[in-house]
Amino acid sequence: MTVDEAARVPVVIVGAGPVGVTAALLLARRGVRSVVLERHQGIYPLPRAVAGDDEIHRILQAAGAGEEFAAISRPAKGLRLLDARHRVMAEFRRTEHGHHGYPQTSMFDQPELERVLRDALARRPECELRAGVEVTGVGPHSTGPVRVTYRDEDGGGHELWADAVLGCDGANSLTREAIGGTWEDLRFEESWKVIDVDTTGPVRCWEGVDQVCDPARPATFMRVSENRYRWEFRLGEGQETVRELVAPWLPPSYAGDFEVVRETEYTFRARLADRWRSGRVFLLGDAAHLTPPFIGQGLCSGLRDAYNLTWKLARVLQQGGDERLLDTYESERKPHARHVVRLAVAMGWAMTGGQDGAAAIRRRVLGAACRIPGLTELAGRDLSPPLTAGPLVRRGARRGLAGTHCPNRGSALEGAPVSTPYSAIPSPC
């Protein structure tokens, strides 16, 4: 088939959420043009993701948005496990300068992050955002260019032909369906109520994340920004009001300003796509994996996908790299995503699972284990394990370093420049 050159682009990205836009920015910094297709006209206004780790800050730096992200985020002290009476069982401390040169945990408001990324996208001539369009088809994807069809708000049909397509279109991904991908169920599904509140009131918090390990009413609480707070409660039989649910964190009879920004119900799931690639069509983010939020790695995993894939794609598209390099995307990212999802599931069941006697025993064992010297420090280490043996990992004499990240000195030193060699490093050491 002859392809109209006017409709030919190197990369089409389906979805302009944080993962899709970050992928476009990373490609742009390597000189690869992309068109991003997004069904919403503007930024989704309600908060969703609220936490990221130091590796994610490093990736945003590589995408050209590190300083802007630092301006809208705030370091968090880590995670506390509380019993039903809100007594501290354990603390998993996070530092302000981790291995990657940034706070090990940062809190942020997702609409603000998306605004930062959209602003960065608008400054890149290599990127074009087409908003208010609905992708209707992706394929064929076995050989040659990939055809992407979409319609605009007036119902007009359009098509693009791309050398590669990145499906960053979320849990209900059309791209995943197009490549014949299905979900592998990792056996976790719970319904939770999520509440975001703006208030200047004296909310009781410790500048980190609290996980209430209460079998009757497990909950998660965190301060997101100056006056923004989030609570998450597993749904039970009761129908408590927002004020009743958050009462333990507020002074008795508090009657000051209290604006509920969002109150919604989510079903937390643990799933992994059985395939992440077909030809030059790839899945990233929630299109490839879904995780419960207990260790705050949902968005983080998607941005890791973007960083892992984009430098390889740029190498193949621009520098004649071997097509087999693209095989390492799934072989590297899928085992790590599975590890993170299973860790989140394990933490969820240990902290909140069930309301029977076995659940109470699990929590007592967890509390005792957390008092073992050094265990909380070990649990707080980098969530990216070394890459296993493969075409990009050279096993050298320095045992333990192969496949690990090179340290990032950037922001960890007084007066040091924020720009560091990470964007020029194609893979872990």
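Visitor: Is R223 buried or exposed, and at what relative accessibility?
Guide: In this predicted model, R223 belongs to strand 14, which covers residues 219-223. Buried means under 20% relative accessible area, and R223 therefore counts as buried, with a relative accessibility of 14%.

Visitor: Which side chain makes a polar contact with the side chain of R223?
Guide: The side chain of R223 also reaches a backbone atom, the oxygen of E226, at 2.8 Å, but the question asks for a partner that takes part through a side chain. Leaving aside neighbours within four places in sequence, the residues in contact with R223 include R74, M107, C205, G208, R228 and Y229. The polar contact between side chains, at 2.6 Å, is made with E207.

Visitor: Where does E207 lie, and is E207 buried or partly exposed?
Guide: E207 is placed in the loop between strand 12 (183-198) and strand 13 (209-212). Phi of E207 is near 70°, a positive value in a residue other than glycine. Because buried requires a value under 20% and the relative accessible area of E207 is 23%, this residue is classed as partly exposed.

Visitor: What is the relative accessible area of H86, a residue other than glycine with a positive phi?
Guide: H86 has a phi near 65°, and H86 is found in the loop between strand 5 (78-82) and strand 6 (88-93). With the cut-off for buried set at under 20%, H86 counts as buried because its relative accessible area is 19%.

Visitor: Which residue in strand 6 stands opposite L81?
Guide: Strand 5 and strand 6 run antiparallel and are joined by five bridges. Within this pairing, the residue of strand 6 that stands opposite L81 is A90.

Visitor: Which strands stand at the edges of the open sheet of eight strands?
Guide: The sheet has mixed pairing, and its strands follow the order 6-5-13-14-15-12-16-19. An edge strand has a single partner strand, so one side of it is left without a neighbour in the sheet, and this holds for strand 6 and strand 19 (289-290).

Visitor: At about what angle to strand 12 does helix 8 run?
Guide: Helix 8, residues 327-352, lies across several strands, among them strand 5, strand 13, strand 15 (228-234), strand 16 (259-273) and strand 19. Strand 12 is also one of the strands that helix 8 lies across, and the angle to strand 12 is about 65°.

Visitor: How many of the eleven residues of helix 1 are buried?
Guide: Helix 1 spans residues 18-28 and is mostly covered. Its buried residues include P18, V21, L25 and A28, and the number buried is eleven of eleven.

Definitions and conventions: Residues numbered from 1 in each chain as written. Predicted model: local features only at pLDDT ≥ 70, side-chain atom pairs only at ≥ 80, totals over all residues. Heavy atoms only, no water. Helix = DSSP H or I, 4+ residues; strand = E, 2+ residues; numbered from the N terminus. Buried < 20%, exposed > 50% of the residue type's maximum accessible area, 1.4 Å probe, protein only. Polar contact = N/O pair within 3.5 Å; in protein donor to acceptor, adjacent residues only side chain to side chain. Contact = heavy atoms within 4.5 Å. Pairing = 2+ DSSP bridges. Axes fitted to C-alpha atoms, helices over the stretch in contact; angles between N-to-C directions.
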